Amino acid sequence: MNFFGFGQTADIKVELTGSETREKVPVKLENGQTEKQPLYFDGETVSGKVHIHLKYPGKKLEHHGIKVEFLGQIELFFDRGTHHEFSSVVKELAPPGEMLRNQTFSFEFKNVEKPYETYMGINAKLRYLVRVTIIRRMSNIVKEKDIAVHSLASYPEVNNRIKMEVGIEDCLHIEFEYNRSKYHLRDAIVGKIYFLLVRIKIKYMELAIIRRETTTAPGGQSHYTENQTITKYEIMDGAPVKGESIPIRLFLSGFDLTPSMPNVNKKFSVKYYLNLVLVDEEDRRYFKQQEIVLWRKAQTSRSALAATQRHE
């Protein structure tokens, strides 16, 4: 309702160019649900139209200007309400004046930078959005539309094998190796575990992928770390014997993973670890943890598209 001239007197709709054909990907929201958002990459142009519909035909809408912004924001959940903007581009759609009828405005943010990937974690959120604001004397009319961004990478030049040992003197000596230390998000982790000495009764063994999210408090003096188990599965049930080897093969494509994100705008980081756990018959746990790097594999067509747009 609109008492004494207050209230929202116009509806805003943001229509992105090519929205019908552009790929949409699920993005996790704060309430735990997912939303399909149009997918963009670094260097791609973000453009479209803004449709403003007056709720009361024949009644003018006075404003102090209309603007559209492209924003990249980080929000830390222990500092809610504070949005740290790492990207901000503003364009004026209309100078101060009056609107007497419905209007449509075009906008374009050409080759706009998107340095980080969209992320929703336990204590950190990174989002990109297009925001339209009708500036008014009493209260602005605002509409936001989120987009998803994926950060692409090429195959790492150096990708060494991981080889480590777990041991308890005179009781247990295990050697394990993984085929690589860096994996793309649809890759498979392949490895082997060798039992060189077994003098304790092992009940079972499991392998887990751990996501470690570290956020930096305002001022940079303290850090908060959250560990989240993405998946774990049993790779052995029963007691192994000396000389036995167990193969490992874990496909990553079925899990909710992001690329590793070191030091995102000095606000947070995301790292991944392989956690190997052995449990003996007295329920004592022995574990070894190793960091791995995850990256998003670039498809040639997408890479070419972004490169073409950057040189337009």
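Accessible areas come from the Shrake-Rupley method with a 1.4 Å probe, and for residues only the protein chains shown count as cover.

**Figure 1. Overall view of the predicted chain.** The chain exposes about 17000 Å², of which carbon and sulfur atoms supply 47%. It holds 1 helix and 22 strands (DSSP runs numbered from the N terminus: helices are H or I, at least four residues; strands are E, at least two). The radius of gyration, taken over C-alpha atoms, is 26 Å, well over the 20 Å that the globule rule gives for 312 residues, so the chain is more spread out than a compact globule; that rule is 2.2 Å times the number of residues to the power 0.38. Along the principal axes, the C-alpha atoms fill a box of roughly 85 × 45 × 35 Å.

**Figure 2. The aromatic pair Phe86 and Tyr128.** Rings of Phe, Tyr and Trp (its six-membered ring) pair if their centres lie within 6.5 Å; planes under 30 degrees apart count as stacked, over 60 as edge-to-face and the rest as tilted. By this rule there are 9 aromatic pairs. Phe86 belongs to strand 7 (residues 84-94) and Tyr128 to strand 11 (residues 124-134), 42 residues apart. Both residues are buried (under 20% relative accessible area; exposed is over 50%, partly exposed in between; 1.4 Å probe, protein chains only).

**Figure 3. Arg22 over the face of Tyr40.** Arg22 lies 3.8 Å from the ring centre of Tyr40 (a charge sits over a ring if NZ of Lys or CZ of Arg is within 6 Å of the ring centre and within 35 degrees of the ring normal).

Residues are numbered from 1 along each chain as its sequence is written, and side-chain values use heavy atoms, with hydrogens and water left out. In this predicted model, local features need pLDDT of at least 70 and side-chain atom pairs count only at pLDDT 80 or more, while totals for chains, interfaces and linings use all residues.
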